[in-house]
Amino acid sequence: MVISIGFEGSANKLGIGIVKDGEILSNCRRTYITPPGEGFLPKETAQHHKRNILQLLKESLHQSGLKPNEIDVVCYTKGPGMGAPLAIAAIVARTVAQLWNKPLLGVNHCIGRILYNLLIRNSCALIRPLSHVIET
């Protein structure tokens with residue numbers, strides 16, 4: 001039984017989720033929204049992530065009902081994505097992994113999306129053969 005926490009911040013969406021053996025225990029998100037027609041820029045997006053990530057971490061743990069000592073591995077989006085927002089999620093994930101004394105796993109954003117979609121469609125049997133491509 002593996003319990004993982006994942007940090008995703010590759011663009012304007014920031015998310016922290018906790019999964020236990022394929023069961024999603026929490027999937028908390030915040031989205032940086034700009035006025036219509038303006039788009040989002042890396043600096044402002046990173047500032048949004050910085051303002052929201054610690055509260056999101058608390059919410060994710062609360063929603064899962066787990067304590068940090070019950071987490072087995074800390075994952076984060078390694079790329080591709082916008083550099084500044086990615087850095088915020090990566091720094092917090094690295095810090096959490098060190099504070100909680102947990103292994104850290106960088107995940108390719110594209111592969112993560114594929115695996116997440118298999119997971120939510122209850123196709124976990126297809127995930128195991130793909131597991132060798134998770135770490136970039």
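Two strands are said to pair if DSSP finds at least two bridges between them. Helices (H or I, at least four residues) and strands (E, at least two) are themselves DSSP runs, numbered from the N terminus. In this structure, strands E2 and E3 run antiparallel and are joined by eight bridges. The structure is a predicted model, in which local features need pLDDT of at least 70, side-chain atom pairs count only at pLDDT 80 or more, and totals for chains, interfaces and linings use all residues. Residues are numbered from 1 along each chain as its sequence is written, and side-chain values use heavy atoms, with hydrogens and water left out.

The protein chain contains four helices and five strands. Along the sequence, these elements follow the pattern β-β-β-α-β-α-β-α-α.

The strands may be considered next. They form an open sheet of five strands with mixed pairing, in the order E3-E2-E1-E4-E5. E3 and E5 are the edge strands, each of which pairs on one side only. From one strand to the next, the twist averages 20 degrees. (Axes are lines fitted to C-alpha atoms, for helices over the stretch in contact, and angles run from 0 to 180 degrees between N-to-C directions.)

E1 and E2 run antiparallel and are joined by six bridges; a hairpin of four residues connects them. Within this pair, Ile5 has Ile18 of E2 as its bridge partner. E2 and E3 also form a hairpin, with two residues between them, and Asp21 in the turn has a positive phi of about 45 degrees. Here Gly15 is the bridge partner of Arg29 in E3. E4 and E5, by contrast, pair in the parallel sense over five bridges, and Tyr76 has Gly106 of E5 as its bridge partner.

Helix H1 packs on the sheet, where it touches E1, E2 and E3, and its direction makes about 155 degrees with that of E3. Helix H2 lies across E1, E4 and E5 and runs at about 160 degrees to E4. H2 comprises the 18 residues 83-100; at 1.5 Å a residue it should span 26 Å, and because its end C-alpha atoms are 25 Å apart, the model agrees with this value. The expected span is 1.5 Å times one less than the number of residues. After H2 comes Asn101, whose phi is positive, near 55 degrees.

Which residues of H2 are buried? They are Pro85, Leu86, Ile88, Ala89, Ala90, Val92, Ala93, Val96, Ala97 and Trp100, where buried means under 20% relative accessible area, exposed over 50%, and partly exposed in between (1.4 Å probe, protein chains only). These buried residues pack against E1, H1, E4 and E5. In the protein chain, buried residues make up 42% of the 136 residues.

In soluble globular proteins, nonpolar side chains tend to be buried together. A nonpolar core is a set of buried Ala, Val, Leu, Ile, Met, Phe, Trp, Tyr and Cys residues joined through side-chain atoms within 4.5 Å. The largest such core has 25 residues, of which Ile5, Phe7, Ile18, Ile53, Leu57, Val74 and Trp100 touch the most other members. The elements that give two or more residues to this core are E1, E2, E3, H1, E4 and H2. H2 gives the most, with eight residues.

Contact means heavy atoms within 4.5 Å. Leaving aside neighbours within four places in sequence, Ile18 is in contact with residues including Ile3, Ile5, Ile24, Leu61 and Ile71.
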